[in-house]
Every structure is written in structure tokens, then in C-alpha cells.
Amino acid sequence: MTFSKRPDTTGSAPATADLRQTAMAFQAGPAVAFDLWNRLTNEMMQFAADRVCETVKTQQQMLQCRNFAELAHLRAHWWQRAIDQYTEEAGRLTGIWTETLDRSFAIRTL
């Protein structure tokens with residue numbers, strides 16, 4: 001089996017369009033990029049703080065359990081709530097990205 005020394009450039013990578021869109025967001029100016037970074041960081045930090053509070057609250061409730069069934073119920077509820085919150089957070093972060101890209105395209109077309 002022989003391998004070509006040159007990469008095949010006939011097809012484009014599927015991620016190329018996504019990279020172009022992301023690069024366009026930053027071409028709109030440093031203010032847009034800074035705003036995006038600031039909003040994403042703020043959202044993720046707030047989410048992490050909320051999750052820590054939720055975990056501590058659940059641990060305090062677990063310490064008061066009198067049997068294994070109560071503990072298992074609390075644990076299952078905590079897992080389901082965590083999954084739901086992570087799903088919601090992914091949606092919020094996607095919304096921030098989408099809004100920023102839409103705004104950057106609007107700036108570029110002016």
C-alpha cells in the first residue's frame with residue numbers, strides 16, 4: 001500500500017464552514033469578540049456556582065436520610081436535575097453564540 005505525500009484537497013472538510021462563521025464573528029471587531037467572551041464566561045461561571053449550590057443542598061439533604069430508599073431517591077433526583085440543567089445551559093450557550101454571529105453578520109453587511 002502506498003500513501004500519497006500530498007493531502008487530498010478535492011473535498012472540503014465539514015468543519016470548514018463552522019470555522020469560517022466563527023472567524024467572521026471576530027472580524028466584526030474586537031468589541032464583538034470581547035462581548036462574546038464576557039457573556040460566555042459570565043454564563044458559565046454563574047452556572048457552575050448554581051450547580052455547586054445545588055450539590056451542597058443535596059448533600060445536606062442526604063445527611064438527613066434515614067434509610068437507603070430516601071438516599072437513592074435524592075440521588076436520582078439530583079442526577080436528573082443535573083442532566084436537565086446541563087441541557088438548558090448548552091442551549092443558553094448556543095443562543096449566545098448564535099446571537100453574536102447574527103450580530104456580527106449584521107455589522108459586516110452594513
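In which helix does Gln-59 lie? Gln-59 lies in helix α2. The model examined here is predicted, so local features need pLDDT of at least 70 and side-chain atom pairs count only at pLDDT 80 or more, while totals for chains, interfaces and linings use all residues. Residues are numbered from 1 along each chain as its sequence is written, and side-chain values use heavy atoms, with hydrogens and water left out.

The chain has three helices and zero strands. Helices (H or I, at least four residues) and strands (E, at least two) are DSSP runs, numbered from the N terminus. Read from the N terminus, the order of elements is α-α-α. Helix α2 covers residues 30-63. At 1.5 Å a residue, its 34 residues should span 50 Å. The expected span is 1.5 Å times one less than the number of residues. The end C-alpha atoms of α2 are 49 Å apart, which agrees. Helix α3 covers residues 68-109.

The chain contains 110 residues, and 17% of them are buried. Buried means under 20% relative accessible area, exposed over 50%, and partly exposed in between (1.4 Å probe, protein chains only). The chain exposes about 8900 Å². Carbon and sulfur atoms supply 61% of that area. Areas come from the Shrake-Rupley method with a 1.4 Å probe; for residues, only the protein chains shown count as cover. Contacts were also examined by sequence separation, a contact being heavy atoms within 4.5 Å. Among contacts between residues at least 6 apart in sequence, 77% join residues at least 24 apart.

Several residues of α2 are buried: Val-32, Ala-33, Leu-36, Leu-40, Phe-47, Arg-51, Glu-54 and Thr-58. Gln-59, by comparison, counts as partly exposed at 44% relative accessibility. Its C-alpha atom is separated by 9.9 Å from that of Leu-71, 12 residues apart along the chain.

Two aromatic pairs are present in the structure. Rings of Phe, Tyr and Trp (its six-membered ring) pair if their centres lie within 6.5 Å; planes under 30 degrees apart count as stacked, over 60 as edge-to-face and the rest as tilted. Phe-47 and Tyr-86 have ring centres 4.8 Å apart and planes at 80°, so the pair is edge-to-face. This pair links distant parts of the chain, with Phe-47 in helix α2 and Tyr-86 in helix α3, 39 residues apart. Phe-47 has a relative accessible area of 12% and is buried. The rings of Trp-78 and Trp-79 are also edge-to-face, with centres 5.2 Å apart and planes at 75°. Trp-79 is partly exposed, at a relative accessible area of 45%.

Gln-85 belongs to helix α3. Gln-85 is buried, with a relative accessible area of 14%. Leaving aside neighbours within four places in sequence, Gln-85 is in contact with Phe-47, Arg-51 and Glu-54. The side chains of Gln-85 and Arg-51 make a polar contact (2.3 Å). A polar contact is a pair of N or O atoms within 3.5 Å; within protein, one must be able to donate a hydrogen and the other to accept it, and residues adjacent in sequence count only if both atoms are side-chain atoms.

Side chains of opposite charge can pair when their charged atoms come close. A salt bridge is a side-chain nitrogen of Lys or Arg within 4 Å of a carboxyl oxygen of Asp or Glu. By this rule there are four salt bridges. In one of them, the side chains of Glu-43 and Arg-92 meet at 2.9 Å, N to O. Glu-43 lies in helix α2 and Arg-92 in helix α3, so the pair ties together parts that are 49 residues apart in sequence. Arg-92 is partly exposed, at 38% relative accessibility.

Arg-81 and Glu-54 form another salt bridge through their side chains (3.2 Å, N to O). Here too distant parts of the chain are linked: Arg-81 is in helix α3 and Glu-54 in helix α2, 27 residues apart. Arg-81 is partly exposed, with a relative accessible area of 37%, whereas Glu-54 is buried at 13%.

Glu-89 forms a salt bridge with Arg-92, the closest N and O atoms being 2.8 Å apart. Both residues lie in helix α3, three residues apart, about one turn of the helix. An α-helix has 3.6 residues a turn, so residues three or four places apart point the same way. Glu-89 is buried, with a relative accessible area of 4%.
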